[in-house]
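Here is a short report on salt bridges and on one pair of packed helices. Have the sequence and the model ready as you read.

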Amino acid sequence: MKKFLMSLAIVSLVLSPVLGVAASSPIKGNLRIVIGSKSTGGDTYQNASIVAAELEKKLGVHIKVDAVGFSAAVKTLDRVGSRGNTVMFFHDMAYLGNLYGVNGYDDIFSKYIIGPIVSTNPGNAYLVTKSSPYKTVQEVIDACAKGEKIRVAIQPGGVSEIGFSAIKNAIKMKAPGQEANLVAVNTGSQADKNQVLFDGQAEMIYGTVQGNEQYTRLPADDQKAMRFVWLTTRENTLAQANPEGMGATSREDLLKYAEPNMVVPMDENSNFTFDKEYFFMYHKDLDPKIIAAIDSALTEIYAEGKIQETFKKSFFIPELLTSEDAASYLKGKMERNKKIIDAIK
């Protein structure tokens, strides 16, 4: 079984005539699902593989998963998608990258058709060392508001930066002008972020429950020992996880780091939460019958209930919104996150 690392990926689904795809099927020839990571293992790759395995059985197709990176994924979609043999699978960075002005990230809502949402990762987290004076995200906000400088290791332009932006906005709300005390340390992989914390070059890092929970079990005197201070997920999302949680940390323990126990104000009336959600994207000229066929297959898969168990075993939350509902939902989510980004410019 392939190893799974945290990142985005490319999935290639190749329809095989020997599997007996019905002649009336709107999907003809080879179908590729491209996802934008060069890693053959992380949360996106794992979610893609789970969905691909079920689609393989439901559609009667052979599915291969390849990792090529975001740039190559969108170029492939743009080049061959109109012929009906390429679709894309990605997550929130698809629109966050554009909001943050990252090179190569276009407005997906004008350039592509948004397909169904299939799952959620409730594991987005921020961590400090166990020796840190900060026990909660509220203490981080208060410290910056009082003039303390806190460095945070993130990868710019995506899901790690949006939580950072939300904390900065909360500091600005509490003490205008003091938000500059929250400083981004821009890094690459999760391993890079971890190393920055180990080396004392940052006081807090972005991480994940899946990738960093192991470090929270180390003794306090270990240089690599970490402590969660915030999970960005919505309470009702995390509550759907299996009771055993992840590793040696139960769902009940993880809920202590999420709302309403950990609160990052977004405005006077609401708090910031964020779930990393995975969805399909289609070329704007893709045959509507193909879009409908994928929607229909996924609806049947989720109705059967087996895929939900598979997702939860890997600490992901199954979620299905068909194409029409997903587009409206993600546009609203984008606008909500845009307010955070605009507020701290």
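The count comes to 16 salt bridges, where a salt bridge is a side-chain nitrogen of Lys or Arg within 4 Å of a carboxyl oxygen of Asp or Glu. This is a predicted model: local features need pLDDT of at least 70, side-chain atom pairs count only at pLDDT 80 or more, and totals for chains, interfaces and linings use all residues. Residues are numbered from 1 along each chain as its sequence is written, and side-chain values use heavy atoms, leaving out hydrogens and water.

The table lists some of the bridges.

| Asp106 | Lys111 | 2.9 Å |

(Buried means under 20%, exposed over 50%, partly exposed in between, with a 1.4 Å probe and protein chains only.) Both residues lie in helix H13, four residues apart, about one turn of the helix. Salt bridges that share partners also join Asp92, Arg234, Asp275, Glu277 and Lys333 into one network.

Now to the packing of H13. Helices here are DSSP runs (H or I, at least four residues), numbered from the N terminus. Helix H6 (residues 159-174) packs against helix H13 (residues 323-343) at about 55°, with the axes 9 Å apart. Axes are lines fitted to C-alpha atoms over the stretch in contact, and angles run from 0 to 180 degrees between N-to-C directions.

Conventions: Helices (H or I, at least four residues) and strands (E, at least two) are DSSP runs, numbered from the N terminus.
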